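Here are my notes on the model you passed along. Have the viewer open while you read.

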Amino acid sequence: MTLKELDEIKSNAESFIDNFNKQLLKIDDEIYTLEKMAGSFKEYKDSYSIMYSYKAAETEEERNKIKHDNNHVFRRYDIVKRNIKFLKSKYNISDEAELQRKLSTLKNDRNLLYGSLNVKGENVIDLEHLEQQKNRERKEHHSL
C-alpha cells in the first residue's frame, strides 16, 4: 500500500466522519427545536376558555380588561399558536402524541448515528496506526 493510497483512505474516512458530524448536528438541532415546542398543544387547549371569553366580550372595555388581566396567557397563546402552525406545516404534526413519536424517532436515529460514529472513529484510529506502522517499515528499509 502506497503513502498516496493511505492518504486517500484517511481523507475519505475524515470526510465520512465530517458528514456524520453534520448529520448529528442537524438531528440535534431538530430535537432541540421540537423539545422547545413540547407542551404547545396543551397550552393552546388550556388557553381556550380565556380566548373564548375575550372573543365573546361585547365591549372593547371588557376585552381590554380580559387582555390586561391575562396578558401572560395572551403572549404564551401567540407563541404556542405559532409553534403549532410550524409543527403542522413542517412535520404534519397535529397533536402532542405525534410530536413525542417524532422526538423518539429522532433520538433513536441520533443514537444509531452516534454508535456508528464510534465504530468509524475506531477505524480511523486503526488507519492512523497502519500509517505509522508503514512509516516505521519504510524507515527500517531505508536504514538497511
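The points below go from the overall fold to a few side chains.

1. Ground rules. This is a predicted model, with local features needing pLDDT of at least 70 and side-chain atom pairs counting only at pLDDT 80 or more, while totals for chains, interfaces and linings use all residues. Residues are numbered from 1 along each chain as its sequence is written, and side-chain values use heavy atoms, with hydrogens and water left out.

2. Overall fold. The chain has six helices and zero strands, taken as DSSP runs numbered from the N terminus (helices are H or I, at least four residues; strands are E, at least two). Of its 144 residues, 24% count as buried; buried is under 20% relative accessible area, exposed is over 50%, and partly exposed is in between (1.4 Å probe, protein chains only). Among contacts with a separation of 6 or more, 77% come from residues 24 or more positions apart, a contact being heavy atoms within 4.5 Å.

3. Glu-30. Have a look at this one, in helix α1 (residues 3-37). Glu-30 is buried yet has no salt bridge, and the nearest side chain of opposite charge, Lys-102, is 4.4 Å away. A salt bridge needs a side-chain nitrogen of Lys or Arg within 4 Å of a carboxyl oxygen of Asp or Glu; for charge, Lys and Arg count as positive and Asp and Glu as negative, with His and the chain ends not counted. Leaving out residues up to four places away in sequence, Glu-30 touches Tyr-91, Lys-102 and Leu-106.

4. Aromatic pairs. How many aromatic pairs are there by this rule? The count is four, with rings of Phe, Tyr and Trp (its six-membered ring) pairing if their centres lie within 6.5 Å; planes under 30 degrees apart are stacked, over 60 edge-to-face, and the rest tilted. Tyr-54 and Phe-74 are edge-to-face, because their ring centres are 5.1 Å apart and their planes at 75 degrees. This pair links distant parts of the chain, with Tyr-54 in helix α3 (residues 48-56) and Phe-74 in helix α5 (residues 71-91), 20 residues apart. Phe-74 is buried, at a relative accessible area of 9%.

5. Phe-86 and Tyr-91. These rings are also edge-to-face, since their centres are 6.0 Å apart and their planes at 75 degrees. Phe-86 is partly exposed at 28% relative accessibility, whereas Tyr-91 is buried at 16%.

6. Asp-46. This residue is in helix α2 (residues 40-46) and is partly exposed, at 46% relative accessibility. Asp-46 and Val-73 are 27 residues apart in sequence and 9.5 Å apart in space, C-alpha to C-alpha.
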